Structures are given as C-alpha cells and as structure tokens.
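Here is a walk through one protein model with its ligand. Keep the sequence and the 3D view side by side while reading.

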Amino acid sequence: MIRNIKGTKDILPNETDLWQYVENHIHDFLKKFGYSEIRTPMFEETNLFSRSIGSETDIVSKEMYSWIDQGGNNLTLKPESTASVVRAFNQHNFANLNKINRFYYINSLFRRERPQKGRYRQFEQFGVEAIGSDSPEQDIEIISMAYFFYEHMKLSNLKLKVNSIGSLETRKNYKKSLQDFLMDYEKELTDVSKKRLKVNPLRILDTKIDFEINIIKNAPKIIDYLEDPDKKHFETILNSLEKINIKYEIDHRLVRGLDYYSRTVFEIHSDLLGSQAALCGGGRYDYLIKELSGPSTPAIGFAAGIERLIIAMDKEEHNFSINPDIYIITLGQEAIDYSLNIMKELRLNDNLSVVSDTLKRNLKSQMKEANKLNVSHVIIIGDNEIKNKKLIVKNMETGTQEEISINKISQYFK
Ligand code: AMP
C-alpha cells in the first residue's frame, strides 16, 4: 500500500469541521483589522529564499525542497511566506499604490524538518504583513492582533514573548560580543552549537539543551546593545501593551531564526503544546524590501501555524463538529423519487444541510444512521405520506413527531 510521505498528513473528515471553522475565523478576524488576502504561488525561484532568509539559517542550509526543473530553473517549494509577499509587493509596485499595505495569507509551507507532534514537513500557516510604517503603533497593531486572535479562539494561558534585536549594526556588534563570550565555553558546547558559534552564534540562543541554557543565562543581552531610537521604539511598544492589558515577558533569548528581522521580534506560546510551544512568531523586517530590489520600506508581520492552533483548540475541548440538520428516511422507490424535490427545496435554505440514504436500507437502519449523524430532525416518507401529501417530521431532541403537509415543509424549517 502506498502511504503518505513522512512529515505530511491527511486531514480527515472528522477534523475538517474544525479546520474550516478556523479558516473562516481567520478570514473574518483579519478583515476586521483592514487586512486583505494575498495568494502567492506554492513555489518560487530558490534565490528568493536564499537572499531573504539567509544562507546560514537552518531553513536555507538544509530544509528546503529544491529542484532543477526541465528548463534548468532552480525552484523551491515555499518554506515561508514573507519573502513571497515581499516579492509580490515589489513586482506589482504596491509602494506606489498605497502608503500602507496590509496583507494576510493562508497557505501551505514545506520544510524538511525532523517530524514530531506539532512539527511537519508540510504545514499550514496564516500570517499578516503590514508594509509601510516604521512607527511602534504598527508593531502594536500586529502584536495585539495576534494576541486577540488567540483570545477570540478561546485559548487560555497565552504567553507573549517580546524582544528587540535593533538594527543590522546592533546585531553585528552583539554577534561579536556573544561570540567572544561563548568562546570561553566552546569545549562544553554541543557539536551543533560549535558550528553555529562560527557562522551564526545568535542561533545558539535558541538552544533547548539545559546546560547550554545555563551558559547563556550569563551571556550578554542584545537589548543592552540597542541604539537610542531602537530603545525608544521598544519602550513605546511595552508601554502600549500595558495600556491594553496584554501581559508580556521580555525574552532575551528570542532572536528568531531568519536573517531579515530587525527591531521588534515576538512569539506567542501556549503551554498546551508541549515541546513545540510557539503558536506564532514574527517581527519587523525593515531591510527586506530593499534587499529584494524594492524601495526602502519598513514592515512588520507574523506567521502562525494552523496545526498548532488546532492541537491547542482540541486540548481546550471546545466542540466544533458540524452535523447535518435533516436526515430524510425514504421507504420504497416511489418515496426516493419523491424525496428528490423535497431535498432540493430544503437545501435552498442556506442554513439547512440535508442528507438521505443511498443504500436503500430499511427504516431501522436509516433511523440508526440518522442517530449516528446526530441530526436535529428526521423526515420520513412512505406510501401513506405520498398519498396524503404529508410528511412525518421527527424532532430528534424531544422525540416528538408531527405530520406536516408537503407545501408547508420549507416554511416549517425557516
Ligand atoms: P516560523 O515561520 O518558523 O517563524 O514559524 C511560525 C509559526 O509556524 C510557528 O510558531 C509554528 O506555529 C508554525 N510552524 C513553523 N514550523 C512548523 C512546522 N515544521 N510544522 C508545523 N508548524 C510549524
């Protein structure tokens, strides 16, 4: 038997109700903030990602699904969305159209990571990008939008972690100090961190290994390297978060994996998620648009994993299953023929979903199926009903049964 590829998954009918609920909610919620949907292709030139994400990052150095196509083009399945949105922003000259552009997306991403619960090789993300403003108010809009989104989804115990990584200059100076500090511990570091120490020491801050976390506790903090305008920017954000009652924690180890971030970075975690605890992550990327050959334009966004959101919602045990409303029981061929027009009419009502038996089973089996589907009403059609032009409608919650004439049936369910 052919099975699905490791790290991918089938989303089965018993899960898709929740997925659809979440996706609909994302569209509705983000539109409330004035964001418009953008859809970019599933694959792009490999160059786009190596130039934006950074060649030393895990994503570019070892996780991308890349191939050379028959025309000799080097292509990659999208491992993250911001680079594609920025590519589209530049290509379609959005900077000339509006001073501020607010985009959101929902799409699949592909990374060859080590699969585990909450971490897949194909996964779904939604995210937003606000392009055009460098003021802290824009950061607040983005961070609070992410936070309120999860509150709306009734997730409790959210943890907002924020940090500022300043300008490119700040990062360069900090990288040097961190390297100097960690050199004293080089022998104690894991092989992975030893390698990172030379090329990308900031990534060591992400370590999940206890003795490395202990070493890092005494490491220099990037926040102490910020220039004054960046410091002020960060303080304004923290003050505003307090004003809108969003609790935060400054996490000195939070630097995010990708090269293009600057100033504000943040993540929202849920303690329902176990080791893959980040629901979403984002930050400013004031240099990226220029880096990808557009006009120098500040921007900020976040990306959020939908699988992790679903895992967290499942743990909260809210019930999102959607059942059909009506099950039509037909007894005999004439009743089946008769039911076709009744179903057509009932389904014209946008709020009704109607199911019937296509296996020609007996009354008992059809009733059993209706119970299993948890419908609110059953309509029974037999020879008598056809003769009298009346249908039997059974309310499955109360158990009561009544006869309704056929020409009143739509009215009955309005
Ligand atoms: P990133 O694009 O790495 O900043 O990730 C943003 C969010 O996407 C994370 O907080 C996760 O919720 C989700 N995410 C990232 N990588 C994966 C993955 N391999 N599988 C499932 N979700 C992921």
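This is a predicted model: local features need pLDDT of at least 70, side-chain atom pairs count only at pLDDT 80 or more; totals for chains, interfaces and linings use all residues.

**Helix packing and the ligand site**

Where α6 and α10 cross, the crossing is right-handed. Helix α10 covers residues 228–243, and its axis comes within 9 Å of the axis of α6, the two crossing at roughly 45 degrees.

The crossing of α1 and α6 is right-handed.

Next comes the ligand. How many residues surround the ligand, and which are the closest? The shell holds 14 residues, and the closest are R111, E113, Y120, Q125 and R256.

At least two of its residues come from each of β6 (122–131), β10 (278–284) and β11 (299–305). The largest share is that of β10, which provides three residues.

Some contacts can be followed atom by atom. R111, one of the closest residues, places a polar side-chain atom 2.8 Å from an oxygen atom of the ligand. With L279 the backbone takes part: one of its N or O atoms lies 3.0 Å from a ligand oxygen atom. C280 likewise has a backbone N or O atom at 3.5 Å from an oxygen atom of the ligand. How much of the ligand does the protein bury? Taken alone, the ligand exposes 480 Å², and the protein buries 90% of that.

Key: Residues are numbered from 1 along each chain as its sequence is written. Side-chain values use heavy atoms; hydrogens and water are left out. A residue is near a molecule or strand if one of its heavy atoms lies within 4 Å of it. A polar contact is a pair of N or O atoms within 3.5 Å; within protein, one must be able to donate a hydrogen and the other to accept it, and residues adjacent in sequence count only if both atoms are side-chain atoms. Accessible areas come from the Shrake-Rupley method with a 1.4 Å probe; for residues, only the protein chains shown count as cover. Helices (H or I, at least four residues) and strands (E, at least two) are DSSP runs, numbered from the N terminus. A crossing is left-handed if the near helix is turned anticlockwise from the far one by less than a right angle, and right-handed if clockwise. Axes are lines fitted to C-alpha atoms, for helices over the stretch in contact, and angles run from 0 to 180 degrees between N-to-C directions.
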